[in-house]
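Please look through the sequence and the model first.

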Amino acid sequence: MNMKICLMPGDGIGPEIVTQAVKVLEKVAAKFGHTVETESALIGGAAIDAVGNPLPEATVAACKAADAVLLGAVGGPKWDTIDPAIRPEKGLLGIRKALGLFSNLRPAVLFPELAAAAYLRPDIIGQGLDIMVVRELTGGAYFGEPRGETVVNGERAAFNTMIYSESEIERIVRVACEIARKRGKKLCSVDKANVLDVSRLWREVAIRTAAEYPDVELSHMYVDNAAMQLIRDPSQFDVIVTENLFGDILSDEASIITGSIGMLPSASMGSGGPALFEPIHGSAPDIAGRDIANPLATILSVSMMLRFAFGLEAEAESIDAAVKSVLAQGFRTGDIFVGEGKKVGCSEMGALVLGAI
Ligand code: NAD
């Protein structure tokens, strides 16, 4: 297979971590007889500095022409005070919109080797953690109309609309069912159907859609309970599917119980076009340029790319296994170092993973 990848290193630690991830991608491709063509494109602060626009048209065109997109991170203090209309984050929201990325996949995986870095008690974490949160990314209260400010009884009031159509619910539940089917076959749909009309429709459509996947066991949970259950007994979950706002909060909660933001990849996918893969963390300006960032979230994003954009399961698994092996040997970047093992920098961690493939 020939894979055309658009790289958007972005700002801060973005270029450092993307460099390591690309080396890993090229090594895996060579090992399994594939070829990789990469093209780099500007986004975020780097694009503002170069052309005055966080998402140049050439970047959108390069992404659309690729099979998949790998992003580092955008933003930093340098651009905090510029016109909000051209802030670096606009580049990120813009490219998600331009590529029609409606589903956001956020695995929260705790490697048993890193249990000491996790925030929950060992008896709760057990033998590690492996949850996939599937968040709807383009609907709900973040995009619903009408929205805005008004005056009610002589005082200012503001409102947003949490709205979902049947087709929007159906397509995200379908994505989640397909993923559950390839994992533990358990899907928990999270809503607030005891209060919200939009959630009652969500639940109805979720039941109807999941019925087409008889091998997937569907359950439902109210969002307030889900927030508690993630802390009380996270291992009860396999795949969670939920709407945009609930997913924003729950995916952060699920990921942070694993302890390190530097370990967590993500995928955003649409229907048919190129999908986008990126670490969940930001540009970490406080450690940028010092070769100490953890590249594993970006390397694991490449694994997600191989699995979800190209269906290359064995190739993805070889990256996951290499990361596990490096961690098992005790190598740690600063963010996951808790006193034991050998502390390494960004490029050394990348080289170790390369060596383990
Ligand atoms: P951040 O994720 O960049 O950093 C939070 C903390 O985690 C920092 O102490 C940082 O050093 C550490 N950290 C993050 N990634 C790490 C890694 N790979 N290895 C080791 N340590 C790591 O979040 P922030 O500080 O709130 O934001 C910094 C900038 O990033 C802001 O401009 C923000 O807008 C932007 N941001 C971008 C994205 C994105 O591009 N997707 C996401 C979040 C924040």
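The sections below cover the basis of the model, its nonpolar cores, and some annotated and other positions.

## Basis of the model

This is a predicted model, in which local features need pLDDT of at least 70 and side-chain atom pairs count only at pLDDT 80 or more, while totals for chains, interfaces and linings use all residues. Residues are numbered from 1 along each chain as its sequence is written, and side-chain values use heavy atoms, with hydrogens and water left out.

## Nonpolar cores

A nonpolar core is a set of buried Ala, Val, Leu, Ile, Met, Phe, Trp, Tyr and Cys residues joined through side-chain atoms within 4.5 Å. Buried means under 20% relative accessible area, exposed over 50%, and partly exposed in between (1.4 Å probe, protein chains only). The largest core has 84 residues, and L70, V134 and L306 touch the most other members. Helix α6 (residues 166-181) is the element that gives the most to this core, with eight residues; helices (H or I, at least four residues) and strands (E, at least two) are DSSP runs, numbered from the N terminus. The core lies between domain 1 (1-102 + 272-357) and domain 2 (119-257), because both give residues to it. The domain bounds come from an automatic or database domain assignment.

Beyond its neighbours within four places in sequence, L70 is in contact (heavy atoms within 4.5 Å) with residues including I5, V18, F277 and M305. A second, separate core of 17 residues includes M8, L71, L101 and L276.

## Annotated positions

An unreviewed UniProt entry gives the annotation "domain: Isopropylmalate dehydrogenase-like" for residues 4-353. That span is 40% helix and 21% strand, and its end C-alpha atoms lie 22 Å apart.

The UniProt feature "binding site" (unreviewed entry) is placed at D224, D248 and D252. UniProt positions are given in the numbering used here, feature names are shortened, and annotations may be inferred rather than shown by experiment. D224 is found in helix α8 (residues 223-232) and is partly exposed, with a relative accessible area of 42%. D248 is in helix α9 (residues 244-256) and is also partly exposed, at 26%. Leaving out residues up to four places away in sequence, D248 touches R135 and Y142.

## A position in helix α6

E178 is in helix α6 and counts as partly exposed, at 34% relative accessibility. The C-alpha atoms of E178 and G128 are separated by 23 Å, and the two residues are 50 residues apart along the chain.
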